[in-house]
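Dear colleague,

Please find below the structure that I am handing over to you. My notes on it follow directly after.

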Amino acid sequence: MNNIEKILLVGNPNVGKSAIFSRLTGAKVIISNYPGTTVEFTQGKLKLGEETALIVDVPGTYTLEPTCKAEDVACRMVKEGGVAINIVDATNLERNLHLTLQLLEDDIPVIVALNMWDDTKHRGISIDVKKLEEQLGVPVVPTCGLSGEGIKELIERLPQAKARSLPVSSDAQKWEKIGKIVEEVQKLTHRHHTLLEILEDLSIKPLTGLPIALGIIYCAFWVVRFIGEGLIGHIFEPLFTKLWLPLLMKLSTLLGEGSFLHHILIGNLIEGKIDFSQSFGLLTTGLYVPIAMVLPYILSFYLILGLLEDFGYLPRLAVLMDNFMHHLGLHGYAIIPFILGLGCKVPGVLATRILEERREKFIAATLLAIGVPCMAQIAMIVGLVGQRGGKYVVLIFLILFLLLIIKGLVLNRFLKGTSPEILVEIPPYRIPQVTAVTKKLWMRLSGFLKEALPLVLLGVLFVNILYTLKIIDFFAYIFAPVLTNLWGLPKEAISALIVGFLRKDVAVGMLGPLNLTTKQLVIGSTILSLYFPCIATYMVLIREIGIKDTLRSTIIMLVVALGVGILLNSIL
Amino acid sequence: MIINLTQMQPGEAGIVREIQGGQGFVRKLQSMGVRPEKKITKVSSHFRRGPQTIEVDNIQIAVGFGMAKRILVEVAR
């Protein structure tokens with residue numbers, strides 16, 4: 001076989017396909033220690049001598065007959081052909097070989113990467129690679145995706161990949177065959193339980209697991225807050241007030257207050273001065289909001305999330321939360337899209353692919369879109385409402401959390417069907433590696449700067465233009481009855497609702513200059529979290545659950561926002 | 001004696017004898033390592049008909065309560 005055009009990385013969930021992909025292509029992809037991190041296939045390029053091959057990171061699958069969306073993607077990719085690098089978890093040979101045998105029955109050339117090779121040593125597993133190669137009839141290369149061991153050999157032996165086209169056998173026959181192979185090539189030696197394994201057991205047993213979960217969530221919360229506040233107070237705030245502000249003041253004098261450019265770049269002067277949270281120019285609030293208010297929290301959140309992901313804690317939390325989640329019509333694993341959604345809803349909605357059924361996808365996506373505030377929004381609420389007292393911040397999040405539960409209970413009650421049960425593999429704990437965590441953090445931060453920052457600036461520009469053209473006044477006039485009579489907000493708050501379609505952080509920020517009472521601020525921030533997700537989330541929502549379900553979801557959003565606004569206005 | 005997975009005690013080991021259910025369910029469990037003649041150990045059982053966690057081939061798996069009832073295991077008692 002000479003020309004390799006397409007290479008597929010195929011394997012069970014959580015065997016390290018993404019790590020190998022990243023090693024082969026140098027591309028940056030999110031790698032975590034739980035099944036279902038990759039739900040969408042990712043493509044990259046690999047140089048093979050003169051040729052360049054397309055290389056595809058296929059979502060993990062147990063079988064070539066799909067049982068969920070992520071697996072469906074995997075199966076379709078394999079049918080399209082190419083060369084398959086079958087990534088096998090060396091610490092779990094028996095189970096992984098089932099997919100290998102299925103691949104060998106296809107007419108696709110296969111090479112096996114025996115991944116997590118380094119783990120086998122301290123797990124007391126020894127595998128005779130040569131023998132395994134003879135048994136399978138295709139090349140087998142021991143690899144370690146995280147450290148890069150064996151990757152070179154894998155590339156070198158790629159041309160030796162062979163299509164076996166074995167006769168199709170039944171499942172039972174396959175298992176029998178696998179039993180024989182494993183007996184032949186693998187030896188297990190007894191070993192003592194390690195500290196990590198004791199911790200694994202403790203965190204999955206309910207009596208010890210629940211206190212541990214509470215402890216971890218509590219610590220995560222405080223660490224995120226501590227780092228976020230620390231970064232703002234010691235780095236970003238001084239940077240803006242001591243360095244950036246004097247420059248802007250000079251620019252302001254240069255442009256002259258009242259000029260069009262001054263209005264766009266600097267915004268309004270508050271008592272003759274630039275106020276970063278109120279001026280609303282591109283260079284003032286437009287930069288201050290994303291960089292000095294939101295970025296520090298994004299950084300601290302993703303740092304902690306990355307550590308928890310790589311350690312392998314999230315699936316355990318999912319199991320512990322399973323009972324509770326069933327009341328909302330979901331099973332425990334649905335906690336993962338919610339946790340990702342706390343960072344940004346776009347990856348959150350994408351992660352609903354790990355759920356099997358349409359009903360639970362709809363519930364998860366709807367709750368996520370209107371019940372879970374993203375970190376940009378959380379940071380702004382903390383920054384803005386926090387000035388009036390921490391208890392009001394707590395109040396807003398309490399309201400949102402209660403609503404999330406009520407919405408889940410109602411949807412579960414009135415949607416036909418029942419919630420499916422959890423069936424998931426719990427990965428072993430692994431000590432997170434500094435380089436891997438830093439790399440992932442950097443990817444997520446640069447993602448924020450590349451995708452969110454331009455949108456924030458666009459949002460600020462957009463508002464200024466709408467103000468200048470008096471379009472805001474027009475909308476304010478039309479929506480005044482709802483805003484003032486029902487929600488008790490000034491009609492100018494419509495500008496925040498309009499910008500809320502684009503970015504939530506800017507939208508919350510726009511409540512700042514309106515001189516709201518604390519009650520109005522609480523109502524405004526809550527409604528901004530409920531009435532509509534940002535446009536980026538909405539687009540992903542349409543793609544993932546379809547137009548019809550998205551419209552149903554939208555109606556729920558609008559009704560909830562309207563109702564909650566009225567309710568809060570009358571009881572607060 | 002043969003009991004279902006939910007009736008096993010944490011720490012107890014047994015041999016899987018039968019998995020009752022549709023083909024998709026049986027397949028998925030099989031590919032996760034749970035199939036007749038395999039030795040499994042129950043790790044924990046969560047309150048109020050919560051998920052059951054088991055260990056098979058060094059790997060832990062969480063199985064919903066209803067599913068666990070359809071996994072029949074032979075234990076020495």
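In chain B, 58% of the contacts with a separation of 6 or more are between residues 24 or more positions apart; two residues are in contact if their C-beta atoms, placed from the backbone, lie within 7 Å. This is a predicted model, in which local features need pLDDT of at least 70 and side-chain atom pairs count only at pLDDT 80 or more, while totals for chains, interfaces and linings use all residues. Residues are numbered from 1 along each chain as its sequence is written, and chains are lettered from A and ligands numbered from 1 in the order in which they are written.

Chain B has two helices and six strands, arranged along the sequence as β-β-α-β-β-β-α-β. Helices (H or I, at least four residues) and strands (E, at least two) are DSSP runs, numbered from the N terminus. The C-alpha trace of chain B spans about 30 × 25 × 25 Å along its principal axes.

The contact between the chains draws 26 residues from chain A and 26 residues from chain B. On the side of chain A that touches chain B, strand 9 of chain A gives the most, with four residues. Strand 9 of chain A runs antiparallel to strand 5 (residues 59-63) of chain B, and four bridges join them; strands pair if DSSP finds at least two bridges between them. Within this pairing, Val424(A) has Ala62(B) as its bridge partner.

Yours sincerely
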